[in-house]
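Hi everyone, and thanks for coming. Please have a look at the sequence and the structure on the screen, and then we'll walk through them together.

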Amino acid sequence: MAESLIEQLPKIVAEGKKEVERIMERLDSSNKITLQTNEYVLPVKKEENLFKSKYQDIDGQNWFNRLIYGDNLLVMQALLNGDEQTGMPSMRGMIDLIYIDPPYDSKADYRTKITLPDCNIEQKPNVLEQFAYSDTWKEGTVSYLKYMYPRLYLMKELLSDNGAIYVHVDYHIGHSLKLILDEIFGKENYINEVIWLYNTGGIPEKCGFAKKHDTIHLYAKNKSLVKWNSQKAKTYIRGDFFNPDQPRAKELGIEQDAYGLYRMTEMKDVWEIGKIFRNSPERLGYATQKPEELLKRIIFSVTSENSIVADFFAGSGTTGAVAEKLGRRWIMSDFGKPANMIMRKRLIDQEAKPFLYQAVGDYQKEVFASTKEFKRVGDLSQVVLNLFGATPFFDENAPKNLGQIKGSRTLVYVDSPNKMTGLSTIKKAQELKESFMGGWNKVIILGWNFTFDIANILKNIDNSQVEVLVIPPDLMDKLKSKGNYKKLIDSNKIKFSSLQYLTIKEPIVNTYSCDIEEIEIELDNYVLLSPNALPLDDKYKDQLQSIIADDPLALIEYWSIDPDYDGETFRSKWQDYRENTHNDDDPLRVIRKAKLQVPQRDNRKICVKAVDVFGFESVIVKEL
């Protein structure tokens, strides 16, 4: 008989403690995980506001709010390490409030709906997200608790001595996760079980009551040190019984507004706050988006102005958006590219303070744990090699992710699905090209996921010696069985695509005044990956192909310009994005042309970055 969850809990905790020990040892080693700054965002949604915002130096002297793309286990290690590139110190003991709303439903559908001109399509999670999610739930609740243990421990390390954490759960997992929270934070530091009662959804099933609430567990790092801000809530009172003009009305805390009579009472642990309706101005189309009123109560309860607030499952970015409005500093991270795109646009839309958009510099989770299906057909990298038409090396000392094109001196290198292919991968592949088995004329790198600057990296590399191609992200779905694998080999239908890239027209420079010049920058073309190389169901691929043929620039979700690029940090001086109607009235397309007035220079390097609706990033640099 299989062990019950209660029987496995001691093993989960013991395994979690061992992983935490390994992580803490790595923090003290020279092999540290770091953050890479992809973009310094100066939020401007109207062209006329370009001169109203000014840059601050990224030198550790100025605080910058941070939006971080990546696995939060790695993100938090990087935050504990500190950031040499920006001079930001370690965040250990610096964060005053953490709110998290982690996934808690193993059957949830995390597809993203994309509205394009003339059609709507659904994007499946990319390969990196698919593997992260399958790892989280491969053994059900047991895997989930193993996943959460080290993450919650690192959150405790990041919390200040008077800090607190709100953990948002529902009936799927909340009772189990509370046991882990008790273990890490201590029962004595449990402050409240908050019930979020909402008045939407919750359709009764055949057996049982309608589900109309979530639970939020509130823990302190040290309960005796928490600085608590008491809050009052409006409680509706029938007008028959109370007259707000009575002498005792003020004493009783009774007030009147457009909706009737209310009594101001101390906040209880049941919060009745509606979910976000379809027509709500808050609504961003993100499945797990939480209302701002909920985060206002949470943030206000244990923070003051300039407190640091963090959310490591940030989703649509409500935590950071509300923290910004309340004058708090914030850090947000999420593993989903759609989530990061939504958050960046949301922050620009509310004209937030300048913030850094960062990513984990080097993904170090490279070991792929093969599923049962792949164990039947061999190691995944060798499956990919065979589908590409390369022959794996059968020497037991040779890496399993290497092969060769038969009859040539071309080496093929398959990167891990749990890794971002970038400069470190290319350098490693180049070293293998020069040294492995006497050297090769060329190396082809097959990757699943790519760093934001991959296109720019490749411009500086001899493409006659190094080529980078994209492994189709739906390959995992097609490799459901050994029979499917054989069919794919025989049909030769798996296509490995070149990377996407952006082109712009030659910039036009005009004199604006004696010391100011105007630069006109116009998008020219966007060459996207083949639809077969995108995480889409087949029914959407034909629709996408027609858009690519008719108007490829309609696929640009966001583009930005750094008119004085220093070759290292991209500083976004101007940006436009779909749904921004301040620059034009078309919510489904970005504008194609921008004019910037900048100080005159003899030499200038312009960098343009674009992100498409699928989250792929392209960078192009022009020197004037």
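Predicted model: local features only at pLDDT ≥ 70, side-chain atom pairs only at ≥ 80, totals over all residues.

Residues are numbered from 1 along each chain as its sequence is written, and side-chain values use heavy atoms, with hydrogens and water left out.

Now the overview. The protein has 15 helices and 32 strands. Helices (H or I, at least four residues) and strands (E, at least two) are DSSP runs, numbered from the N terminus. Of its 624 residues, 53% count as buried. Buried means under 20% relative accessible area, exposed means over 50%, and partly exposed is in between, with a 1.4 Å probe and protein chains only. One more number concerns contacts, meaning heavy atoms within 4.5 Å. Among contacts in the protein with a separation of 6 or more, 71% come from residues 24 or more positions apart.

Two strands pair if DSSP finds at least two bridges between them. In case the words are new to you, strands of a sheet pair through backbone hydrogen bonds, either parallel or antiparallel.

Is β14 enclosed or open? Since 5 of its 6 residues are buried, β14 is largely enclosed by the rest of the structure.

What about β2, residues 65–69? Strand β2 runs parallel to β15 (residues 355–360), and 5 bridges join them. One of the pairs is Tyr69 with Ala359 in β15.

Next, a helix with two partners. Two packed helices are described by the angle between their axes and the distance between the axes. Helix α1 (residues 5–27) and helix α2 (residues 72–81) have axes that come within 10 Å and cross at roughly 40°. That makes α1 oblique to α2. Angles under 35 degrees count as roughly parallel, over 145 as roughly antiparallel, 65 to 115 as roughly perpendicular, and the rest as oblique. Where they touch, Glu19, Ile23, Arg26 and Leu27 in α1 meet Leu73, Gln77, Leu80 and Asn81 in α2.

The other partner is α4 (residues 141–158), which packs against α1 at an angle of about 40°, with the axes 9 Å apart. So α1 is oblique to α4. Among the α1 residues that meet α4 are Leu9, Ile12 and Val13, and on the α4 side they include Leu145, Tyr149 and Tyr153.

There is a further sheet to find. Here 4 strands form an open sheet in the order β29-β27-β31-β32, with antiparallel pairing. Its edges are β29 (574–577) and β32 (617–623), each with a single partner strand, so one side of each is left without a neighbour in the sheet. Strand β31 (residues 605–612) and β32 run antiparallel and are joined by 7 bridges; Val611 has Glu617 in β32 as its bridge partner.

Finally, please find Ile547 in helix α15 (residues 538–550). Is Ile547 buried or exposed? It is buried, with a relative accessible area of 8%. Ile547 and Leu116 are 431 residues apart in sequence, yet 8.6 Å apart in space, C-alpha to C-alpha. Not counting residues up to four places away in sequence, Ile547 touches Leu116, Pro117, Cys119, Pro552, Ala554 and Leu555.

Methods:
Axes fitted to C-alpha atoms, helices over the stretch in contact; angles between N-to-C directions.
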